[in-house]
Amino acid sequence: MALALYRKYRPRLLSELMGQEEVVEILRNAAKSDKIAHAYLFYGPRGTGKTTTARLVAKLANCETRAKDPKFKSRGEPCNKCRACLEIDAGRALDVVEIDAASNRGIDEIRNLKEGIRLAPTSSLYKVYIIDEAHQLTKEASNALLKTLEEPPAHAIFILATTEFDKLPPTIVSRTQRFRFNRLPVILIVKELKKIAEAEKFKIDEPALELIASAAEGSFRDAESLLDQVMSLGESVKAADVIKILGKVDFQKTSDLAGRLIEGDLEKSIDYLEKLNEEGYNIVQLAKDLINYFRRLLALQADSGLEKAYANEFTEEELKTIKAQSQTIVFEKHVALVKSLIEAYSQMRYSPFPVTPLELAIIENLYKPAGKA
């Protein structure tokens, strides 16, 4: 069975982590000075490198080369060659325990953890416990973990990872070093996907990669999974092929529909929506994309300084389109449109006829009775 791309190209060094420069710098300095903490909390959106970083910390703590070679230690990286590093990479290190709190969330699992942590490491310098989706732990399990986090054995390191920081008890949070992981910009995702495609000798054009990066919504793991799926289409893939797989309207179609709405042309807007619906595009996703698109147009009109931030999310041509359309919108009118789109989106997710709420929102905002301007 072929190895999934997100596993095959998983970072093996801190320097290979994308878009998390502050996290990398702090962890690398901690490794250089032997100040790896006993408890960490990594939080942020899915697919941004939290679990990967947790495994890198486990390698840093247990790397035999780092322990023996002061010169190598100054690099602040694992060697990826010693027994400990290789075992962690292969997922067979007995002293690195990964717990999925989504399915092991009860007090019994935490009690078992507390029993096991008392024992010295089997063959490594440290026992490392990685608790993924830590916000899923029950209240009782969190309370049971609390004392261990406060006074852990000298040979233990805890790393908690979560996508929902706000759901963690403050008592747990206060006993950890906290690191926020950011969504990755589209430009950076495209750059890395190019490297993977070249390494796999797979031909895919840049617009197709941009579509994948955009659909991933800041998650590089999602982008890799989508690329994996797209690679099954054949030796050469273009944007149209990706659109078919995603069932997602691309930037061009979203901006075209937005343009018709900005012009206030009801007939053209409804006809275009009907065309997209007949072609099998995900209309619920289209509503979400339209909301985000108009949000950016309104924000850019209110604050032109946002152009710099948008440069990380869009290509040069896409940004030109956004800038041009942001100058033509009528603020109050299109704020009302966005509110209608948000209401429509909330209805579409549960409707057997998802296109209907979106059509009604467009008609409600664009319809002009006869005799009225």
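**Charged residues and overall architecture of the predicted chain**

Arginine 83 is located in helix 6, which comprises residues 83-90 (helices being DSSP runs of H or I of at least four residues, strands runs of E of at least two, both numbered from the N terminus). The structure is a predicted model, in which local features require pLDDT of at least 70 and side-chain atom pairs count only at pLDDT 80 or more, whereas totals for chains, interfaces and linings use all residues. Residues are numbered from 1 along each chain as its sequence is written, and side-chain values use heavy atoms, with hydrogens and water left out.

With a relative accessibility of 32%, arginine 83 counts as partly exposed; buried denotes under 20% relative accessible area, exposed over 50%, and partly exposed the range in between, computed with a 1.4 Å probe on protein chains only. When residues up to four places away in sequence are not counted, arginine 83 touches Glu64 and Ser123 (a contact being heavy atoms within 4.5 Å). Arginine 83 also forms a salt bridge with glutamate 87, with the closest N and O atoms 3.2 Å apart; a salt bridge is defined as a side-chain nitrogen of Lys or Arg within 4 Å of a carboxyl oxygen of Asp or Glu. The separation of arginine 83 and glutamate 87 is about one helical turn, because the two are four residues apart in helix 6. Glutamate 87 counts as buried, because its relative accessibility is 16%. Arginine 83 and tyrosine 345 are 262 residues apart in sequence, and their C-alpha atoms are 52 Å apart in space.

In the whole structure, 18 salt bridges are found. One joins the side chains of glutamate 164 and lysine 167, with an N to O distance of 2.7 Å. Glutamate 164 is partly exposed, at a relative accessible area of 32%, whereas lysine 167 is exposed, at 54%. A further salt bridge, with an N to O distance of 3.6 Å, is made by the side chains of lysine 320 and glutamate 317. Both lysine 320 and glutamate 317 belong to helix 18 (residues 316-326), where they are three residues apart, about one turn of the helix. Lysine 320 is partly exposed, with a relative accessible area of 48%, and glutamate 317 is exposed, with a value of 54%.

Arginine 296 lies in helix 16, formed by residues 283-302. Arginine 296 is classed as buried because its relative accessibility is 16%. Apart from neighbours within four places in sequence, its contacts are with Tyr310, Glu313 and Phe314.

Glu267, Asp271, Glu274, Glu278 and Glu279 form a negative surface patch. Patches consist of residues with over 30% relative accessible area and no salt bridge, like charges being joined within 9 Å and nonpolar side chains (Val, Leu, Ile, Met, Phe, Trp, Tyr) within 5 Å. Lys and Arg count as positive and Asp and Glu as negative, with His and the chain ends not counted; each charge is placed at NZ of Lys, CZ of Arg, CG of Asp or CD of Glu. Within this patch, aspartate 271 is in helix 15 (residues 266-278). Aspartate 271 counts as partly exposed because its relative accessibility is 48%.

Positive phi values occur in two loop residues other than glycine, as follows. Glutamate 133 has a phi near 50° and is found in the loop between strand 3 (127-132) and helix 8 (139-150). Lysine 201, with a phi near 55°, occupies the loop between helix 10 (186-199) and strand 6 (203-204). Lysine 201 is exposed, at 76% relative accessibility.

As a whole, the chain contains 20 helices and seven strands. Its C-alpha trace spans about 85 × 50 × 40 Å along the principal axes. Of the 373 residues, 47% count as buried. Among contacts between residues at least 6 apart in sequence, 76% join residues at least 24 apart. The chain exposes about 19500 Å², of which carbon and sulfur atoms supply 50%; accessible areas come from the Shrake-Rupley method with a 1.4 Å probe, and for residues only the protein chains shown count as cover. The chain carries 55 positive and 55 negative side chains, and the centres of the two sets lie 6 Å apart.
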